[in-house]
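I set out to record what can be looked up in this model. The entries are kept in the order in which I made them.

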Amino acid sequence: MKFKGVLNTPSINYLASRLLPAIEKFSKICIILTSPDEICFMLTPAESENVFLSVRLLNYLVFERGELRCESKADNTIGLTVDVPLLTRVLHNAISHRAQRCLIKLSQKAPASSLNSESNQSEPPHEVRPVLVCVATGPSCSLSHDLPLLAPPLARGPLDHLRALRDSTELCHFYVDLGSILEATCAMIERMRSLGDELEIATSQTGEFFLSLASPGISLGSHSRGLQVIPQDQTVSESTAAASGIDRSMMSDDQLRSLIEAGYCNCELLSLRSLIKAFQAATQLRPQKVLFGIHPQRRAHILLMFQKTEGDSFSADINVEIGLPIIVEHQG
């Protein structure tokens with residue numbers, strides 16, 4: 001098993017300032033799957049309070065071209081379990097010393113005390129442990145850090161399980177794009193935080209997004225309209241909604257009930273705490289679109305889309321998805 005790659009200045013900055021802080025919103029432990037084609041940062045429900053996170057990037061976005069070597073008996077895929085805050089500190093240290101490159105290499109090392117030739121021969125031998133050796137270099141610096149892995153590289157069985165989990169995305173029937181209201185929605189959820197953790201959330205094919213949280217004596221909510229529905233052929237027009245009995249002069253709660261009765265809306269209960277983390281992570285990553293969908297009685301699903309440097313199309317070279325658990329079955 002061999003892994004070695006070189007980060008350049010933009011990728012060092014991206015990982016330290018955006019991607020790793022976004023991951024740390026959920027967990028301090030992350031699994032990195034590397035292959036000759038792409039790198040994937042993953043959180044499974046076991047590490048992050050039932051939240052699933054996958055960030056997949058083609059290798060050219062992270063590593064210098066021609067500077068990556070990734071070899072293993074598991075289809076040249078390697079799974080590494082890392083301490084997110086520690087990796088972030090290593091990269092920030094490289095940035096503070098104006099490093100232009102950072103070599104990252106998988107190695108096996110014994111604790112420092114075991115390398116001392118004068119150590120007591122009667123002591124039990126120290127276990128050799130896997131580390132990521134990080135060497136940052138620049139015009140006036142050369143820094144070396146040994147980043148201990150939290151577990152040995154994944155064996156074939158667990159690795160295949162993670163790859164299957166990563167590749168088993170089941171899309172929702174429709175999504176609404178929250179990109180234009182993400183900041184306002186985050187502010188509203190922050191206001192709700194003191195009221196409780198069970199948040200009613202709904203999306204509709206008419207391009208609407210509902211939030212509601214009630215506690216004894218007080219309730220807060222928001223109702224956003226005019227959002228883009230994806231895919232477009234799932235959009236329900238206002239004239240169709242009106243013909244189905246949706247009366248826009250009614251209160252938002254009544255409109256929501258009418259949309260549910262008409263079959264245009266999914267409504268479930270989510271953890272407010274998990275949703276805050278998801279939206280904070282999305283804000284950290286700065287996507288152009290934040291697609292929010294609901295699998296009824298199963299989970300909420302968030303897809304982040306990023307625009308290409310040139311043109312109006314969206315890049316397929318970076319894929320970010322977040323899965324949030326439904327608290328209980330909700331009947332609207």
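**Basis.** I worked from a predicted model, in which local features need pLDDT of at least 70 and side-chain atom pairs count only at pLDDT 80 or more, while totals for chains, interfaces and linings use all residues. Residues are numbered from 1 along each chain as its sequence is written, and side-chain values use heavy atoms, with hydrogens and water left out.

**Confidence.** I looked up pLDDT, the predictor's confidence in each residue from 0 to 100. The protein chain has a mean of 90, and 92% of its residues reach 70 or more. Over residues 114-119 pLDDT stays under 50, and the model has 3 contacts beyond four places in sequence for them; a contact means heavy atoms within 4.5 Å. Where pLDDT is low, the predicted coordinates should not be read in detail.

**Cores.** I took a nonpolar core as a set of buried Ala, Val, Leu, Ile, Met, Phe, Trp, Tyr and Cys residues joined through side-chain atoms within 4.5 Å. Buried means under 20% relative accessible area, exposed over 50%, and partly exposed in between (1.4 Å probe, protein chains only). The largest core holds 81 residues, of which Phe41, Leu275 and Phe292 touch the most other members. A second, separate core of 10 residues includes Phe210 and Cys265.

**Ser107.** I found Ser107 touching Arg129, Pro130, Val131 and Val133, leaving aside residues up to four places away in sequence. The C-alpha atoms of Ser107 and Ala187 are separated by 45 Å.

**Tyr60.** I noted that Tyr60 is partly exposed, with a relative accessible area of 37%.
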